Amino acid sequence: MANVRHVEIKDIEQNRKHSDVTASAGLIEIDGERFIQIDTYGSAEREFPGKLSQSIRLSKSAFDQLCKLAEGFLK
């Protein structure tokens, strides 16, 4: 599990296709700080399809930064 408090733009050199997976998002509060948690689940090709694979928690600040980056990218 990772708590992300800062997001920055980075050039991604490897532009390869990834497999599609299911994801869920939820809100969580820890010690008075709110996070949005995104969980991804194993693809159909994995040994245990649907098993929790990765989780990431974004602080409000990191979520706001990500939204701003996405807004600029999706124009």
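These legends describe close-up views of a predicted model.

**View 1. Ser55 and its contacts.** Ser55 sits in strand E4, which covers residues 52–59. Its side chain makes a polar contact with the side chain of Asp39, at 2.5 Å. Beyond neighbours within four places in sequence, Ser55 touches Met1, Ala2, Gln37, Ile38 and Asp39.

**View 2. Gln37 in strand E3.** Gln37 belongs to strand E3. Its relative accessibility is 14%, so Gln37 counts as buried, the cut-off being under 20%. The Gln37 side chain makes a polar contact with the side chain of Asp39, at 2.9 Å. With neighbours within four places in sequence set aside, Gln37 is in contact with Met1, Ser24, Ala25, Gly26, Ile28, Ser55, Ile56 and Arg57.

**View 3. Asp31 in the loop between strands E2 and E3.** Strand E2 spans 23–30 and strand E3 spans 33–41, with Asp31 in the loop between them. Asp31 is not a glycine, yet its phi is positive, about 50°. Most residues other than glycine have a negative phi. Asp31 counts as exposed because its relative accessibility is 81%, and the cut-off for exposed is over 50%.

**View 4. The largest pocket.** The volume of the largest pocket is about 180 Å³. Ile9, Lys10, Leu69 and Phe73 form its lining. By class, that lining holds 3 nonpolar residues and 1 charged residue, with no polar ones. Lys10 is the charged residue; Ile9, Leu69 and Phe73 are nonpolar.

How values were computed. Residues numbered from 1 in each chain as written. Predicted model: local features only at pLDDT ≥ 70, side-chain atom pairs only at ≥ 80, totals over all residues. Heavy atoms only, no water. Helix = DSSP H or I, 4+ residues; strand = E, 2+ residues; numbered from the N terminus. Polar contact = N/O pair within 3.5 Å; in protein donor to acceptor, adjacent residues only side chain to side chain. Contact = heavy atoms within 4.5 Å. 1 Å grid on protein atoms, 1.4 Å probe; cavity = no way out; pocket = protein on both sides within 12 Å on 5 of 7 lines; lining within 4 Å. Points joined across faces, edges and corners; volume = space filled by probe spheres on them. Buried < 20%, exposed > 50% of the residue type's maximum accessible area, 1.4 Å probe, protein only.
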